[in-house]
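Subject: Structure for you to look at

Hello,

Here is the structure I said I would pass on. Please open it first; my notes on what was found follow below.

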Amino acid sequence: MLRHPLVDAYLERLADYEALGRAMHARVEAALQRAGVSAHAVSYRVKSPESLAGKLARPDKTYRRLDDITDLVGVRVITFFDDAVEAVARVIEAELHVDLDRSVDKRLHHDPSLFGYRSLHYVCHAPDDAARALGPVAFEVQIRTILQHAWAEIEHDLGYKTADEVPLPVRRRFSRLAGLLEIADQEFVELRRFMEGYARDLRRDSVDDVYGLDAVSLRSLLEREEVSRLDRALSDALGLPVSEAAYFPEYVLRALRAASVDRPSRVLTAAEEFAPRLPEFTARYFQFTSEAFGFGHERLVRVERGYAAALMAHWRALGDADLAMQRATRMESFYQRLDYPDDEAEARRVARVFARVFNGW
């Protein structure tokens with residue numbers, strides 16, 4: 001390691017720099033939380049003495065004071081989406097004393113191979129309490145997306161620090177990858193916006209069957225009166241409270257699909273038809289679970305949202321078949337799709353218990 005007076009000075013105050021890093025990390029995290037800005041990760045690092053020595057040894061840079069070196073302490077904020085970088089930046093500018101003369105928005109570079117460096121870098125002045133211990137110290141806040149971070153980490157692992165170091169054939173491939181990742185960043189933003197708009201549309205009175213039944217449309221349907229009143233009716237039948245928690249949405253979705261209730265309009269139609277039959281169906285259903293699995297409704301302490309929809313899927317799967325054999329065959333197919341894709345014998349056993357309990361239904 002290079003012997004340098006700035007390294008010696010840094011070593012003497014390393015504990016204070018560590019304290020500054022912890023404090024600024026906590027301050028940024030708290031500010032983001034207050035502002036309601038979500039981030040994938042917030043971290044900090046303090047430059048190692050060895051790394052500082054290597055920086056000071058470079059022939060193309062001259063540093064006279066530690067304050068000339070802005071990256072002794074760094075806070076990094078990694079966002080999920082590209083447009084969240086701006087939201088984080090607004091928080092940083094409001095919360096910290098930013099040195100705009102030394103800060104740089106590397107996203108404005110036009111070189112397509114510099115995707116990994118497209119972070120927003122703020123240089124900030126240490127707050128007064130830290131400055132009293134360290135003197136006029138600057139630190140960095142770096143904001144980048146998770147894809148930009150992945151690029152930078154991989155590029156660092158490959159050992160390239162500047163574009164000049166990269167062989168031309170490799171640089172060309174970097175450029176292609178940079179374009180793909182930039183498109184991916186933009187597409188993730190568009191996907192999120194579509195999902196948000198999709199969820200808003202599903203909360204309206206009209207029901208759109210274009211996209212079929214999925215986790216987003218199911219969540220919206222469980223909040224609609226036609227479906228939520230089934231949960232209330234089930235809670236009345238069992239004498240249990242209704243919970244705000246959802247009952248295993250992925251299971252309810254799979255059950256409805258297995259019963260061919262695979263579009264939002266079909267869910268609402270089935271809910272209307274099932275409502276008057278729910279009390280009697282519930283009594284038989286828990287008789288079935290007692291015989292097939294050894295437990296009944298006494299195991300429940302509340303009715304979670306969507307539980308009645310799972311029962312409705314069983315009712316719809318049973319259908320209007322009159323013959324016991326038809327019912328057993330239908331339920332065997334249903335249970336094989338729902339619970340036992342790799343155990344035909346167990347699906348058959350459970351289906352026959354179900355058909356026997358619902359004989360005469």
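**Salt bridges, a pocket and a surface patch**

Arginine 348 and glutamate 332 form a salt bridge, with 3.6 Å between the closest N and O atoms. Arginine 348 lies in helix H15 and glutamate 332 in helix H14, so the pair ties together parts that are 16 residues apart in sequence. Please keep in mind that this is a predicted model. Arginine 348 is partly exposed, at 26% relative accessible area, while glutamate 332 is buried, at 18%.

The structure holds 21 salt bridges. One of them pairs aspartate 83 with arginine 192, the closest N and O atoms being 2.7 Å apart. Aspartate 83 sits in the loop between strand S2 and helix H4, and arginine 192 in helix H7, so this pair ties together parts that are 109 residues apart in sequence. Salt bridges that share partners also join Asp83 and Arg192 with Glu190, Arg193 and Glu196 in one network.

Helix H7 also holds phenylalanine 194, which is partly exposed, with a relative accessible area of 41%. Together with Met195, Val210 and Tyr211, Phe194 forms a nonpolar surface patch of about 420 Å² accessible area.

The second largest pocket has about 260 Å³ of space. It is lined by 15 residues, and Tyr247, Tyr251, Tyr285, Phe293 and Phe295 are the closest to its centre. The lining has 12 nonpolar residues, two polar and one charged. Helix H12 gives the largest share of this lining, five residues.

Regards

Conventions:
Residues are numbered from 1 along each chain as its sequence is written. This is a predicted model: local features need pLDDT of at least 70, side-chain atom pairs count only at pLDDT 80 or more; totals for chains, interfaces and linings use all residues. Side-chain values use heavy atoms; hydrogens and water are left out. On a 1 Å grid over the protein atoms alone, a cavity is a set of points where a 1.4 Å probe fits but cannot get out, and a pocket is an open set with protein on both sides within 12 Å along at least five of seven lines; lining residues have an atom within 4 Å of a point. Grid points are joined across faces, edges and corners, and a volume is the space filled by probe spheres set on the points. Helices (H or I, at least four residues) and strands (E, at least two) are DSSP runs, numbered from the N terminus. Ala, Val, Leu, Ile, Met, Phe, Trp, Tyr, Cys and Pro count as nonpolar, Asp, Glu, Lys and Arg as charged, and the others, Gly among them, as polar. Patches are made of residues with over 30% relative accessible area and no salt bridge: like charges are joined within 9 Å, nonpolar side chains (Val, Leu, Ile, Met, Phe, Trp, Tyr) within 5 Å. Accessible areas come from the Shrake-Rupley method with a 1.4 Å probe; for residues, only the protein chains shown count as cover. A salt bridge is a side-chain nitrogen of Lys or Arg within 4 Å of a carboxyl oxygen of Asp or Glu. Buried means under 20% relative accessible area, exposed over 50%, partly exposed in between (1.4 Å probe, protein chains only).
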